[in-house]
Structure formats: structure tokens, C-alpha cells
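Let's take a friendly walk through a structure, looking at how its parts touch. Keep the 3D view open while you read.

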Amino acid sequence: MADSTEKEMKILILATLSGGYEGANSVGQSHFEYAANTYVLPVVSPAMFPEDFYLRAFERGIDAIVVMYSGSDCPYRGAAERTAEIINRVFPKMKERGINPRRLRLVAICTVCAKPFLEEVAHANELLSEIGPVRDEIAAAQAQAA
Amino acid sequence: MTEKPENLIPQEPESAAQDEEEIRIGVYTCGCGGNISDVVDIEKTAEALSHMPNVVVSRTDAAMCSDGGQSLIEEDIKNLGINRVVIGSCKPALHRQTFRGAISRGGLNPYFYYHVGIREQDSWVHHDQPDEATKKAIRLMTTGVVKARMLEPLEPIRLPAEKHVLVIGGGLAGLRSALDMARHGLKVTLIEKTPFLGGRVAQLETLFPTEESARDLIRKLVDKVTNHPNVTVYTYAELVGMSGYVGDYHVKVLQHSRGVSDDMADAAIAGCTKEVPDEFNYGLTKRKVVYRAYPGCYPESPAVDWEHYEDGCVKVNGEPLHLEDQPKVWEFTVGGIVMATGFRPYEPYEGEYGYGVLPEVITLPQLIRLIGLTPEGQPLKWQGREVKNLAMVHCVGSRQIAGINKPQPDGQVNDYCSRVCCTAILHTAAELNKRFPGIRVFDLYQDIRTYGRGHEDYYTEASENNVLFMRYHNDELPEVEPAPAGEKRPLVVKVKDYLTWGEELEVPVDLVVLAVGIMPNPIEDLIHMLKISPGTDRFLLEVHPKLRPVETAVPGIVLAGTAQGPMNTQETNAAAAAAAVKMSALLGAGSVELEPFVAYVNPDKCEGLGECIKVCAYEDALTLRTVEVDGKQVQRAVVTPANCAGCGACVSACPNRAIDLRGWTLAQYEAMVDAIALGDMPALGG
Amino acid sequence: MATDKINVDVLVVGGGIAGMQSALDLADQGYQVMLVEKSPTIGGTMITLSKVFPTLDCASCITTPKMSAVAHHDNIQMFTYTEVQSVERQGNRYIAQVVKKPRYVNENICTGCRKCEYACPVEVPSVFDQDLGAYRAIHVPFSTAVPQVAVLDMDNCMLCGKCEKACPVEGCIDYEQKPQEIEVTAKAIVLATGFKITPVDAKAEYGGGKYPNVISALAMERLLAPTGPYGHVLRPSDGKEPESIAYVQCAGSRDKSLGVPYCSRICCMYAIKQAMLLSGALPLADITIYYMDIRTFGKGYEQFYQNAKAMGIEFVKAKVAKITEDENQNLRVRVEMMEEGGQVEEREHDLVVLSVGVLPAYNPEAVFGVPVSSEDNFIEIPSPNFEPCNTGFPGIFAAGTATGPMDIVDSIVMAGAAASEATAYLHELAAAENGGVTHD
């Protein structure tokens, strides 16, 4: 039976259809290799996700979330700003639950941002090898609370 | 891999799927002619998926998008009662319409379909880890299955579309697409940033391979465009604002005044005292601040160059004439936009092959103007000296290599081929041979790319006539130096010529001509305003070079001509016409179909708090209305689909989860996150 | 025999990528289109390719959806195995006599189950696989053919009757089927008649057609395709995995001795693409491309070339003078090294691919009256810089490689342009005929 530290740590990437998702596709078009523990979900705009969406994902065992939005290229009025506001409100709530806020990152990725995409994936994996799985943090926080 | 496929499925909570209608999911994993199946074990993927609840059939095909692949889906809908379709193949945008068509033909609502990209985001990026790629494909496709369980039938939103197109750019591409669309029955407004139509083609003399006059061709086209009843042309005008969506773009155009009325135009030109470098002649000559681009230009009325205009620089009868720019603003609605913003020649950096330092180093566009300015029968002269021989250097600002060529101010090199320069050089060499017999050309090249119909003839003729070829390697670029004092010719070109055993040659010349590459015009403001994307080469990016070669990712915005990449005259014409027909197909019926992915309110959960309305940035997309519930007058949020952009900002704002996005609901995302997070897949192969 | 009559807006001749794109662009605007294709399936040359440059998408991933869209479009009537016999202009209409050749299979009831194919005892070389593989005398042309309907090659049929017995649909196989004549009335015509490659034996000194291990690039496409004849890249003489593969560029282009003075435009890119695919399929193989000039001029093409160089593919600027075969059927390639002062070397390779050129597939002059250029035999375009698809004949436009060599991207754009010019023509014709009342 594998020990929990050997389990694959998972990176969820929420990527906008007008930005990060196409950026991820452009990485594919160039056939660049990157870590396979990355799961990209296409989103119209991450502005739709309330704070508890992120907290819930961590509690379910997602070890890192990279929100790849379109930043200043966002085709929707105010959506980029709103995304940033929401994410900013998530950080303190992560801390409250003992989750390292570095597990959540908001970055602007354009449709041809192959290099920045790869850097983000590498960065997230470096972080995870440094801080380990999220469940350990949550378990520690729960133990402390108890 | 030893693991049983069913063990690769994440354990799901028991609660999943207990609806009235039985959910019957068909899962289709595509091999993509090896693009996926060379890395991902698609049979294993399909088998793993077949063990998920609700999955009735899980199949593979070498090409799901083929007619055979599509009919698998159709047949399964008809024969197995499949009512949700999950496809794992290339990126969803490529074949979404294809699969929707197949599903519709099977008799199912096409929105009962979810598409997972396992090529660009899996097999193409995990070649070296096929086991991991297979696990990832399975897990990504489980997200598709859990989402599919929660899909609803939807209908596209059909909105009236303005049969009117804005063309940005009055060069060849803009003129051609405007003319074609007008002839197709669409209304067209063409705007040109400079005061005159014609663009870069008007600055050429003759065109290959027909040897016709470039300005005659432009004039013919301009006449047809400006005389067409469907076309309005605004010169000296630029787009300054845009909102709306396909079929209904509200645009704002600012048009500078030409400054002088026609009746005093010639007097104003005569009385203008200020001169600036003439961009029409690439700075070889000067022009006045009140000017016409060239004889025979359109419009004939001169214009004031407001950037360089100074009060008092125009005098009529000795009296200073005070001119004022009184820009006009035009606001109108169009259904679509054609980007025909064109190119500019690469500007060599100071000292690149002596450019900007040695006066005898010029660019090919400048040489073409110099030939054009030289009266028939007179010798070619530069700086007062007759040019008896010259060197032409290919690939200046093209085919650059990072680490060898000096990057441009933005840090990039032009790693692409500019396509037209080789034939342009040899065409110019032929012109030189004809106009100035005896003139010798040394042609310094890497590869001669005379690919087009009739182009190879220029190459053959060049070597038979006046051109001597020398081949350099891109890591040993030629050098241009001033000749030692007392030499007959002012410059020496040093080149390691690989056509002669890599001999180091020193060639004394009168003139060095740099065949500068093609770069897109700087249009960052438009890119930002229209939310379109450039590629890594800075040219505007099409959706796909073969599937949708003239469309941008923004519906209703299409590309024409060299804004998209280097092209010659003929290719620009074809590309602009292709853009026109795409626009005519889009707007010709007078309506467009939009995706139904807009917000909707669950009236049972809505308490009329209005939080959603506070965050909504779209006018009239969300309103509070009074409705009667159980005999009471209450407030409820109501969505007007045509005004909703579908960004979903309202979804996160509602504390009751009463508003959601059709096709992309929060609950679907939560289920997809669970599918990724839950259940750990044991290590494979060990 | 009764002649069927069909009345459409546009007759598109040729069901390759250009013809399909023109047909779709016209049909999407509401025009009624009849598309005729002389082969038993649409898809043209593109559907036979492995992957396509510079994206390396699989060719069928791009072609089959367009084939499917043509087959299912409400405004397109698709006729395969059909040829245009004659065309006559009457007023503002073209009257074309077309003949649907007998497939000896009832197209309307054939399910494409291929049981006939499995039962047929006669093997014939597969045209689809460039003769490298074989199919039966009765066969569905290939797995993604549109329509998915069998065709019987009567020239090779023994009339043994096995297919008829194996066919589960009664009356589907019909040895007595006759050609069907159709009279088409159309307002406009788009010629998208495509190209063929230089015959592999055109240049005798290269040994194509004589030495089994000298193959055309189109044959290599089939070897590289996942649906290819061997399922793997093997050399034809002995089924051995090649270790050293050479590409001979301009084998049939830029060569006045063959009457092909022009550049075929696509060969540099397809050779580089194949070299890249080969280095994936055969990681240990050495790949050499002998070239005169590398012409990677399209969008993203130069970058593709530089990637290939970085992958270790050897590019040698050289003219190939002669190829001979040794006792092991390896090939001795005599090359004139153009960068070493014309020094001659002899190099050994175990497989040689000829980067054959592009020739017009069809001369439309006899049937359509549209002349070809005396320089290159492609359709003459009087004003290429003004109307690049206009043949100069009212209402007759040309698209794709019928007007000269071009790659897929350029063919598709050109096909859109032909549709645009045809649309303008139809619109103005409607206005003239209806006294100002236009199409919409």
C-alpha cells in the first residue's frame, strides 16, 4: 500500500477559454513536455467561482490551483478585476484552515503564452515538492484544533 | 501496464446520478491518427471509462472526426439510446461543430455533449511518460463523464446581425475585401489611418510576375471600391472604440480633417514652408506638411499632416493660413470587422550592414522608390554618383536566429521567412537590367525562394543576365565596410561564399541594398480593443491555418492580408477575398447564432437580493423584476440572454447559488474537481 | 436511357481540399452546389497524407470533417465517380453533361460493411496506398472514404460472384450497372481539378520505378500514415527498417529537361515534415535531405525547418546526379556537393525518397474551353494580382492546385477566394436577371 506522501500531488489549472486554455493548447502545439499531474479545466471566466469553491477543492485533495485568467486581455468587462478580488479574499480563508496560501496562484496567461505556462507548471511542482500534499496541512490543522 | 482499467476510475461518492430520466453516456476516445494513440493507450482509456456509472458504451476510433467516427456516435444515439456524449480528442474548438452536427443527426440535442482535449493537453505534452499520459487521459475524461451527467438541452441564441462590415485598412487587402463584400451585397465601411488609400502596394512600381503597374492596379481597385454604392470610405480615420459582439459591434471612428478645402488646396501646398521626410519614398525625398501621397492618389484632395503641422507654416499670398484639425467622430453598428492593417518593412538597427552609418546602404523598398524617381533614360544615381554595381543582401530582418542576430527592442528576433523578398530582389534586378543596362548585381543569399508561379523565371534570367550569386551562412553574416581611401567604389562587401568553397570574397560596390523583411504594422491598441491575439511572430493569429484560416478567435473578426503574415500581391488578394466570403457567409442571412452559455436564474432559490446585479457589467443583462409568488409580490433577478455576455461574474456573487451559467454550471465544476481530486490511482507498471 | 436533370447555382469540379472548401463556402451562403469528383471518394490528395505541416495535425483530422460537412450539407449535392463530359454556354447558364460511372454497387443501399471486399479473391494494387499495398477488386477505397460505399474495379474482376453472395443487402451488387448521364444547369463553375505528382520514373538516372527502394514522397506519406500499408516504415524490397534515408529535392521540379521549370512549392516542407516524422518513427535512422534551396516560406515554416535542423536532420546543398543499386538493394547516390565547389561524392542510403513535383491533373480546355498556360500547363489566370481565381471566362473560376503548385493552406485560402469571386458574380447576375432584385 502506497504511503500518502508517494501519492501523486495534483495541480488543478482553471484556464480561460480566451487565455490560459489556448495557452495550454499552444504548449501542446509546440510539443513541449511537462509534468502530467496537471489537470486543466476550461472556464469562461474564473469570476464565476466563489471563494468556497477554492476551499472546497483543497479540502477534496487538490494540492495546488493555478488560475490562468486572461488578465488585461479578458474579453469580459470587469471579470478580471472581480477574479482578482475573489482570489484575494480566498488567501486569508486558506490560512484560517491551515492551508498554505501559496497553493493558490492567479496568473495571466495569453493564447500563445507557452513559456509562461510551462514556468507556472514547473513553479507549482517545485512548490509542492517543498510543502507537500494539502491533506497533511489540513490534517495537522484539524489535529491542532482538536 | 498491469493495472486493471476499472481500478483507474476514481471512487465516486454514492450520491451520483439518481435522476428521473436514465442517463446513458457514450464515451468516445480518439486515436487522432496516432497523434493520441502513439502515447495514450486509448483502448485502456476506453475500457476504464466503460466502468463508470451511466457509461453505456465506451469506444475508440482512429479518427472520431471522420465520417465513420461520427456515424458511430449517430448509431449509438439511435440504437443504444445514448443521451450524453463525451469525446476525448483534439482541442475542443477544432471539431466542436463537427461533433455537434453528428449528435444532431443522431436526433439528440447537440448540447448533450462534452469534449475533453487529450491531444494538445495530454499526448502532445507527455510523450516521454506514456503511462502517466494514459492515467491523465482517463482522469480528464472522467471529468467529462461527471459533467455530462449534469448537462441540459440548450438552444443557440439567434440574434439579428447588421449586414454591415467595418474594414480596417485601405491597402490592397482592405480594398479587395471591401469590394468583394460589397459585391456580395453587404454594406461596407472602410477606414484608412493615413489620409490616402493604396497602402504599401502603391509604393511599388511594377508587380511580379505580370509586370503591370502597381499604382494602376491600386487605382483600378480604388475606383471600383469608391464607386460601389455599398461602400463608404473614411480616410485619415481610425477606430477608437468598440463594444458589442458578433452581428452587433458598436464602433466609434475618429476621422481627422484634411485641413484645407479643395479650392485652396494647391495654393496651400505651394505656400507650405515646412518639409518632412516623405514616407511614401521611404525618406529618400521630402514632402510638405500639406501634401498628396503621390500623383494620382485617392482622394485627390491633399491633407495636412497634423503630427508635423505648426501654426504659420502655411502661407497664402504671404499671409499665414491658420489650419485646424476638427476631427469628426462617426459611430455606427457593424456585424463584423475585417482586419487589413497590413505590414511595415523591417527597420534595420543602426550599423546593421552599415545601415544608418554608411550613406550608400539603403533598403530594397528605398531602391524601388529610387528607381521610380529616376526619369526614363537616365542612369541610376545615388548621392550624385552613378550606380554601376550594387550588392543585395537577403534576409535582413528575416530568418533571424536568437543568439546570432541582434534582438529588436522588444527582445524578439524575426525567426520567420518574409516570403516575398527573394522574388522581389530578383524582380528588381531584372528591372535594373532593363532600365540601366550594364548594371551588375551581387546577390548575397541563403536560399533563393522563388516559389510562385512565374517566379523561378526571374531566378533563371538573373543568373543569365546581370546577377552574380553568393551564398552566405546565417552564422557567418556578410559585412559591409567603407572602402579604403582612393578606391573607385565607396563600399566593400565581405562575404564568405559557400558557392566557391567558402572563399572569403571582398566585393567593391557603389550601393548596398538590404532586402528587409515584413513586419506587421504596430496595432497594439487595436489588438487590445478588439481582444484579438497576435502569434509569437507578432502577426495576427488565425484560429487554425487549415480549418479556419482567416478567422480570429473573436467571432465576427476576420483577417485579410499581411496583418496575418507575409504575402505577395496575389496572395494578399486571395486572402482578402477568402476573408470576404467568410464574412458574407456569417452575415449574409442577417442573423447570427450565439452560444446559449448565458446566465439563468433559479426562481426557487432567488430571494431578489440583487447581489448579481451589482457585479454585472453589462447593461440590461440582469434586472430585478417584481413577480407574484404564492400571492406575494416579490423581487426576482431576470436575465436578458441577448445582453448577457456569459462571463459568470454573477454566479460567484449570489449567496444563494440561485444564478448560474448555462453549460458551465458551478455544480458541474465541483463534480469535475471531485473527479480529479478523489480516488488515488495506484502507480502503474510497478 | 433517361437523362437526369439537375439545376444548381454552382458546379464545383473536383472533390479535393480546394473543391470541398469552395463548395462549403458557397453552400454556407445558401447557394445550391453540385460537387463532382472523378474518384469513388472525395478527399483528394490530402486525405492520403500522414500528417500535415507545420502543425503536424493528422491529415485526416483536418480533411475528414470537411468531407463529412460536404456530404451532410443541405445545399450540396455530391457526385463521386463522376466526370464532366462536355459543357456548353447558353445565355447566362452553363449546361454540363456529366456521367456517373458504374460502381457496380448500388450506392443508395450499400452499407459499407465491406463483406464483399473480404470475400473477393482478386488483389489489385491499392491506388490509395500508392501501389505499395493491395486491396480487392471490390473495395471501399479507404476507411474514411466518403461515401462509405464499395466500388468494383471491373477491369480486374473475374465475375466469380463471391461478392454478390457475401453481400447482405439484396440487389446491392449489380454487375450490369450502366453509366448514368446527368445534365447539369449551373450559373457558375469552380474548377478545382487538383494536381498529380511527377511520375516516379520520370528521371531515369534516379532509378525510380526500377529500384524498389527508390520511392516517391507520396508513397512515403502512406508508409508514415497510421493506416498505411505496412503499419510501419519499412523499405519495400525486403521489409527491413531503413537505417539511412535520403531525400532528393527537386526530383521533377526546377528541371527544364522534364519540362517543369517551375518550383513545386510544397516539396521542401513535406520532405522536412516526413524527415521529422521519420526521426520519430525510426529514432536510430540517419536522414539526409539533398537540396538546391530550402524554400520554407509559409507562416511558421522557417521555424519548422530550424526545428528539423536542431533535431539532427542533415541538410546537404547538393545536386543528385545519379542513383544506382548495389547487390543488397542499397542505393548509391552520386551527389555534386554545391558548397564544396561541385566536388562529387558517392553516398550510400538504404532508402531514397524522391521529392517529386506537382503537375496539373487535368487540362480543362477541351471540355470547359478554359486554356492552360503554355509555360506550366496549369490553368491560365489572366490577372493574378487582381482576380487570382478568375479564368477570364464569365462565371468560371479556378481554385487550388489547378492554378499551380500550392500547399494546403494556400489551396484553402484560394478556394475561399474562388468562392468569393463566384459569389460576387452570382449576386450581380441575379441583379441583372431580376432587374435589380438580388439574391437575398
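Chain B and chain A bury about 4,400 Å² between them, and 58% of this lies on carbon and sulfur atoms. Buried area here is the accessible area (1.4 Å probe) that two parts lose on being put together, summed over both. On the side of chain B, Gln121(B), Tyr669(B) and Ile676(B) supply 14% of the area buried against chain A, more than any other three residues. This is a predicted model, in which local features need pLDDT of at least 70 and side-chain atom pairs count only at pLDDT 80 or more, while totals for chains, interfaces and linings use all residues. Residues are numbered from 1 along each chain as its sequence is written, chains are lettered from A and ligands numbered from 1 in the order in which they are written, and side-chain values use heavy atoms, with hydrogens and water left out.

The contact (heavy atoms within 4.5 Å) takes 52 residues from chain B and 48 residues from chain A. There are 24 residue pairs in polar contact across this interface, both residues being at pLDDT 80 or more. A polar contact is a pair of N or O atoms within 3.5 Å; within protein, one must be able to donate a hydrogen and the other to accept it, and residues adjacent in sequence count only if both atoms are side-chain atoms. Helix H16(B) gives the most to the side of chain B that touches chain A, with eight residues. Helices (H or I, at least four residues) and strands (E, at least two) are DSSP runs, numbered from the N terminus.

How many salt bridges lie between chain B and chain A? The count is three. A salt bridge is a side-chain nitrogen of Lys or Arg within 4 Å of a carboxyl oxygen of Asp or Glu.

| Pair | N to O distance |
|---|---|
| Arg56(A) and Asp674(B) | 2.9 Å |
| Lys91(B) and Glu22(A) | 3.2 Å |
| Glu221(C) and Lys273(C) | 2.6 Å |
| Asp293(C) and Lys317(C) | 3.9 Å |

Take the pair Lys91(B) and Glu22(A). Lys91(B) lies in the loop between strand S3 (84–89) and helix H3 (92–105) of chain B, and Glu22(A) in helix H1 (residues 20–29) of chain A, so the pair joins two chains. Lys91(B) is buried, at a relative accessible area of 8%; buried means under 20%, exposed over 50% and partly exposed in between (1.4 Å probe, protein chains only).

Now look within chain C. Glu221(C) and Lys273(C) form a salt bridge. Glu221(C) sits in helix H5 (residues 217–224) and Lys273(C) in helix H6 (residues 267–281) of chain C, so the pair ties together parts that are 52 residues apart in sequence. Are these two residues buried or exposed? Both Glu221(C) and Lys273(C) are buried.

Chain C also has two domains to compare. Its domain assignment, automatic or from a database, gives domain 1 (4–101 + 179–194 + 361–433) and domain 2 (199–357). Their C-alpha centres lie 32 Å apart. Between them, domain 1 and domain 2 of chain C bury about 1,500 Å², 67% of it on carbon and sulfur atoms. Arg265(C) and Asp410(C) meet through their side chains in a salt bridge (2.9 Å, N to O).
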